Amino acid sequence: MDVRRADERYPGGDPAAGIDSRHAFSFGPHYDPDNLRFGAMIACNEERLAPGAGFDEHPHSHTEIVTWVVEGELTHRDSTGHETRVRPGDVQRLSSAAGVRHVERNDATTPLVFVQTWLAPLDPGGTPSYEIVHGIADSTPYAIPEAGAMLHVRRLGAGERTAVPDGAYVYVHVVRGEVRLDGVELGPGDAARIMDARDAELVANAGAEVLLWEMAATFSNESSKPERT
């Protein structure tokens, strides 16, 4: 198990424009050859957008992009014609496939915080697609078969326990609260990368929200170069 703390993330974004980004993996100007990916995962970004701030239209390709809003409301528009508002509890997935462009903005009057994960597909290319699941229930798995991955959302009260999925690659991201993972304390923004996970368990020290990524052992060696900095 490899634990990465919130303050170890690479800083990014454009603070003057109201964009504060924190990257868990090598990203943009922060090139780290020892931190390019974990299983299918090539990015896990914490984004904070001030009211009126956002990312103008930009391209993606060969990437499964999954967004989880922590607080506020995200406006999404893409070149396939989708325009949606993503709120806490919603799971949004944009399969960029052979190529897509999109816009992400905070059009609300309150701050926006979201976690965005990028996964490399098993087979690059294809036709872009979009999906949003509103108000996903706790413990309901969300599959991304294009990347051989599964997202599990866990919302725990103080003292509650939950099993960590067994898997070749498991990524644990603490959205809020404090948890203990096999004796290791994790707080907001902390993450753990587990290889060959077996019988691991999470215990909430206080109310917590956690994203658990379960990824298969087989994945493509081709990954997209992050276009957004």
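Which strand holds Asp196?

Modeller: Asp196 is placed in strand β19, which covers residues 191–197; strands here are DSSP runs of E with at least two residues, helices are runs of H or I with at least four, and both are numbered from the N terminus. The model is predicted, so local features need pLDDT of at least 70 and side-chain atom pairs count only at pLDDT 80 or more, while totals for chains, interfaces and linings use all residues. Residues are numbered from 1 along each chain as its sequence is written, and side-chain values use heavy atoms, with hydrogens and water left out.

The backbone of Asp196 has a phi near 55°, a positive value in a residue that is not glycine. Its relative accessible area is 54%, so Asp196 counts as exposed; the cut-offs are over 50% for exposed, under 20% for buried and partly exposed in between, with a 1.4 Å probe and protein chains only. Asp199 also has a positive phi, of about 60°, although it is not a glycine. Asp199 sits in the loop between β19 and β20 (201–204). Asp199 is exposed because its relative accessibility is 70%.

Val170 belongs to strand β16 and is in contact with Ala192, Arg193, Ile194 and Ala197, among others, when neighbours within four places in sequence are left aside; contact means heavy atoms within 4.5 Å. The list for Val170 also includes Phe38, Val164, Pro165 and Trp213. Because its relative accessible area is 0%, Val170 is classed as buried. Between the C-alpha atoms of Val170 and Met150, which are 20 residues apart along the chain, the separation is 9.6 Å.

With a relative accessible area of 1%, His173 is buried. Among its contacts beyond four places in sequence are Ala191, Gly189 and Asp190, together with Glu209, Val210 and Leu211. The C-alpha atoms of His173 and Leu211 lie 5.2 Å apart, although the two residues are 38 positions apart along the chain. Arg9 is another contact of His173, and their side chains are joined by a polar contact of 3.2 Å; such a contact is a pair of N or O atoms within 3.5 Å, and within protein one must be able to donate a hydrogen and the other to accept it, with residues adjacent in sequence counted only if both atoms are side-chain atoms. A second polar contact can be described in the same terms. Glu104, in strand β10 (residues 100–105), joins its side chain to that of Gln116 at 2.6 Å. Glu104 is also buried, because its relative accessibility is 0%.

Next comes the packing. The largest nonpolar core has 27 residues, and Met41, Trp68, Leu119, Leu151, Tyr171, Trp213 and Met215 have the most contacts inside it; a nonpolar core is a set of buried Ala, Val, Leu, Ile, Met, Phe, Trp, Tyr and Cys residues joined through side-chain atoms within 4.5 Å. Elements giving two or more residues to this core include β4 (41–49), β11 (112–119), β16 (167–176) and β21 (208–215). A separate second core of 18 residues includes Phe27, Leu74, Leu94 and Ala120. In soluble globular proteins, nonpolar side chains tend to be buried together.

Leu119 lies in strand β11 and, at 0% relative accessibility, is buried. Beyond four places in sequence Leu119 touches Met41, Trp213 and Met215, among others.

Buried residues make up 51% of the 229.

The mean pLDDT, the predictor's confidence per residue from 0 to 100, is 92 for the chain, and 95% of the residues score at least 70. Over residues 220–229 the pLDDT is below 50, yet this stretch has 32 contacts in the model beyond near neighbours in sequence. Where pLDDT is low, the predicted coordinates should not be read in detail.
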